[in-house]
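Dear colleague,

My notes on it come after.

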Amino acid sequence: MISDRLRDRTTKFAKEIQALLNCTIASHVQIKAVALATGDDRLFTLGHLLDKGTMTAQRFPLRPRRPKSELWMDVSFQLRLDAEREHLMVHKSFFGLFGARDAKHGLFHYDYERDKADNYPDAHLQVCGSSELFAALNDQRTDPDRPMSKLHFPVGGKRFRPCLEDIIEFLIVERLVDARDGYEKVLESGREGFRRNQLMAAMRRDPATVEAFVEHYGASARTQDAGRTAPH
């Protein structure tokens, strides 16, 4: 049976992702969570109007700044509890931008797959583009006609990979899409939460470093805190 803890935390996360998108660059996004049984493990798949039959999320339209153009976003997650069955963990995620609802190739996509088995980086970026330099470097004997979109650019690994807020901010600051008023606060709040969770996860997995940090900086930190009368 799926634990209430996993179901409740997954539902909360789905609502957070839905609010993030609808308060920044999208409208009427509905993030659904569907349980997926895989052997002894239980996963939840999340995505916009997720199809229970195919477990595939639907793309949703954005508002490009250039008139008469289209831009569609694809966002999906797989979540499960960690090894201690205490903390919610992203098993896989996908953030992609495409020029049509059903286009096979798009602008770029960020992928994350925990403990990826094919020797590519767990967290990576793939860009649909061309490069004369890459074409000249590519070994035609082993990889004939390999496009640039097949390159997996590493982006921070398990702990320090980009979050969805980073991709949304990129689209806004590069003037590719229109954003809602007040989007900055929404992005900053979500990003702070993501980075704090990643830091806590890194600390749990590396207690020796935490111990060394406290031993080295603990005394000075306590001295500084003693002079404070209220939180900042």
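The paragraphs below go from the whole chain to a few individual residues.

Please keep in mind that this is a predicted model, in which local features need pLDDT of at least 70 and side-chain atom pairs count only at pLDDT 80 or more, whereas totals for chains, interfaces and linings use all residues. Residues are numbered from 1 along each chain as its sequence is written, and side-chain values use heavy atoms, with hydrogens and water left out.

The chain has six helices and eight strands, where helices (H or I, at least four residues) and strands (E, at least two) are DSSP runs numbered from the N terminus. Their order along the sequence is α-β-β-β-β-β-β-β-α-β-α-α-α-α, and the C-alpha trace spans about 60 × 45 × 45 Å along its principal axes. Of the 232 residues, 35% are buried (buried means under 20% relative accessible area, exposed over 50%, and partly exposed in between, with a 1.4 Å probe and protein chains only). Among contacts (heavy atoms within 4.5 Å) between residues at least 6 apart in sequence, 52% join residues at least 24 apart.

The axes of helix 4 (residues 164-173) and helix 5 (residues 183-205) come within 9 Å and cross at roughly 150°, which makes helix 4 roughly antiparallel to helix 5. Here the axes are lines fitted to C-alpha atoms, for helices over the stretch in contact, and angles run from 0 to 180 degrees between N-to-C directions; under 35 degrees counts as roughly parallel, over 145 as roughly antiparallel, 65 to 115 as roughly perpendicular and the rest as oblique. On the helix 4 side, Glu-165, Asp-166, Ile-168, Glu-169 and Ile-172 meet Tyr-183, Leu-187, Gly-190, Arg-191 and Arg-195 of helix 5. By class, this contact has four nonpolar, one polar and five charged residues, with Ala, Val, Leu, Ile, Met, Phe, Trp, Tyr, Cys and Pro counted as nonpolar, Asp, Glu, Lys and Arg as charged, and the others, Gly among them, as polar.

A search of the whole structure finds five aromatic pairs (rings of Phe, Tyr and Trp, the last by its six-membered ring, with centres within 6.5 Å; planes under 30 degrees apart are stacked, over 60 edge-to-face and the rest tilted). In one of them, the ring centres of Phe-213 and Tyr-217 are 4.8 Å apart and the planes stand at 35°, so the pair is tilted. These two residues are four apart in helix 6 (residues 207-226), and therefore about one helical turn separates them. Phe-213 is exposed at 52% relative accessible area, while Tyr-217, at 42%, is partly exposed. Elsewhere, Phe-13, Phe-77 and Phe-95 form one aromatic cluster.

Asp-111, in strand 6 (residues 106-113), counts as buried at 17% relative accessibility. Leaving aside residues up to four places away in sequence, Asp-111 touches Ser-93, Phe-94, Asp-122, Ala-123, His-124 and Gln-126.

Lys-68 sits in the loop between strand 3 (60-61) and strand 4 (72-81) and is exposed, at 89% relative accessibility. Asp-115 belongs to the loop between strand 6 and strand 7 (123-127), and at 55% Asp-115 is exposed as well.
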